[in-house]
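Hello,

Here is the structure I promised to pass on to you. Please have a look at it first, and then read my notes below.

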Amino acid sequence: MKSGKLIVLTGPSGVGKGTLVRSLLMRHPELHLSVSVTTRGPRQGEIDGQHYYFVSRSRFEEMVEAGELVEWAEFAGNFYGTPYFALQRGIEAGKLVLLEIELEGARQIRDKFPEALRIFILPPSWEELERRLRSRGLDSESAITRRLLRAKAEIEAAGEFDFQVINDDLEVALKGLESVLTVEC
Ligand code: ADP
Ligand code: 5GP
């Protein structure tokens, strides 16, 4: 694998992006995860600076104004963005930098960094996506509804991405991601 490349992982909420990223990071120390800022409150077990930097809406707006974010988007009632500093450390260390972000942000990355590798994670079915979102048990019913509404538009855009990986069996999906990274990076 060559280094200093951005890898964007996108897919509907609940498809298993976080689960895949955690497994990839354990297996591949050459990957650097970009930690985003968000105005969403922490879920149970989430740690500030590790899962996200949790910030107020006014702090987020300040970061946007100051040009500190590479990309940002609103998602299901909250703001999310990638700070330049989150990429910098990985790039300076010559690592592959992984961004786990939604569709609008992925489009902004494509415009700024056309050489970034962009991968879309698909669910095996709509029913399974809904089941996973609910079984995670960490979002309110209204948040789940907002996420499912957004999921339809996201899935329709999967063809914009360089690669699509179906997360049915986790191990098979991981192998699929690993082979894309081995060939492309
Ligand atoms: P995302 O980060 O895309 O929102 P998560 O990684 O939080 O999704 O996964 C949503 C739920 O689906 C979690 O409960 C997770 O354990 C489960 N999950 C993830 N991948 C699979 C899979 N391949 N098969 C079954 N369940 C999965
Ligand atoms: P969650 O609230 O489930 O952690 O994330 C909601 C959505 O926001 C997911 O699709 C996730 O990929 C996306 N997301 C997380 N960080 C960022 C970011 O920095 N920028 C953008 N555009 N989306 C993000």
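**The sheet around β6**

L69 has P83 as its bridge partner in β6. Before I go further, please note that this is a predicted model, in which local features need pLDDT of at least 70, side-chain atom pairs count only at pLDDT 80 or more, and totals for chains, interfaces and linings use all residues. Residues are numbered from 1 along each chain as its sequence is written, chains are lettered from A and ligands numbered from 1 in the order in which they are written, and side-chain values use heavy atoms, with hydrogens and water left out.

As for confidence, the chain has a mean pLDDT of 94, and 98% of its residues reach 70 or more (pLDDT is the predictor's confidence in each residue, from 0 to 100). For the complex, the predictor gives an ipTM of 0.98 and a pTM of 0.95.

Back to the sheet: it is open, with mixed pairing, and its four strands come in the order β4-β3-β6-β5. Strands here are DSSP runs of E with at least two residues, helices are runs of H or I with at least four, and both are numbered from the N terminus; two strands pair if DSSP finds at least two bridges between them. β4 (53-54) and β5 (69-75) are the edge strands, and each has a single partner strand, so one side of each is left without a neighbour in the sheet.

The partner of β5 is β6 (residues 78-83), which runs antiparallel to it and is joined to it by six bridges. Besides the L69 bridge to P83, E71 is partnered with T82 in β6. Helix α3 (residues 84-92) packs on this sheet, where it touches β4, β5 and β6, and its direction makes about 35 degrees with that of β6. Contact here means heavy atoms within 4.5 Å; axes are lines fitted to C-alpha atoms, for helices over the stretch in contact, with angles from 0 to 180 degrees between N-to-C directions.

β6 also pairs with strand β3 (residues 37-38), in the antiparallel sense over two bridges, and V37 stands opposite G81 of β6. How much of β6 is covered? Six of its six residues are buried, where buried means under 20% relative accessible area, exposed over 50%, and partly exposed in between (1.4 Å probe, protein chains only). N78, Y80 and T82 point one way from β6, while F79, G81 and P83 point the other way.

**The turn at A76**

β5 and β6 form a hairpin with two residues between them. Most residues other than glycine have a negative phi. A76, in the loop between these strands, has a positive phi of about 45 degrees although it is not a glycine. With 11% relative accessibility, A76 counts as buried.

**Rings**

A pair of aromatic rings is described by the distance of the centres and the angle of the planes. I counted rings of Phe, Tyr and Trp (its six-membered ring) as a pair if their centres lie within 6.5 Å; planes under 30 degrees apart are stacked, over 60 edge-to-face, and the rest tilted. By this rule there are eight aromatic pairs.

In one of them, Y53 and F85 have ring centres 5.4 Å apart and planes at 75 degrees, so the pair is edge-to-face. Since Y53 lies in strand β4 and F85 in helix α3, the pair ties together parts that are 32 residues apart in sequence. Y53 counts as partly exposed at 27% relative accessibility, and F85 counts as partly exposed at 41%.

F75 and Y80 are also edge-to-face, because their centres are 6.1 Å apart and their planes at 85 degrees.

**Strand β7**

Four of the five residues of β7 (residues 96-100) are buried. Strand β1 (residues 6-10) runs parallel to β7 and is joined to it by four bridges, with L9 partnered by E100. Strand β2 (residues 31-33) also pairs with β7 in the parallel sense, over three bridges, and L31 has L96 as its bridge partner there.

Best wishes
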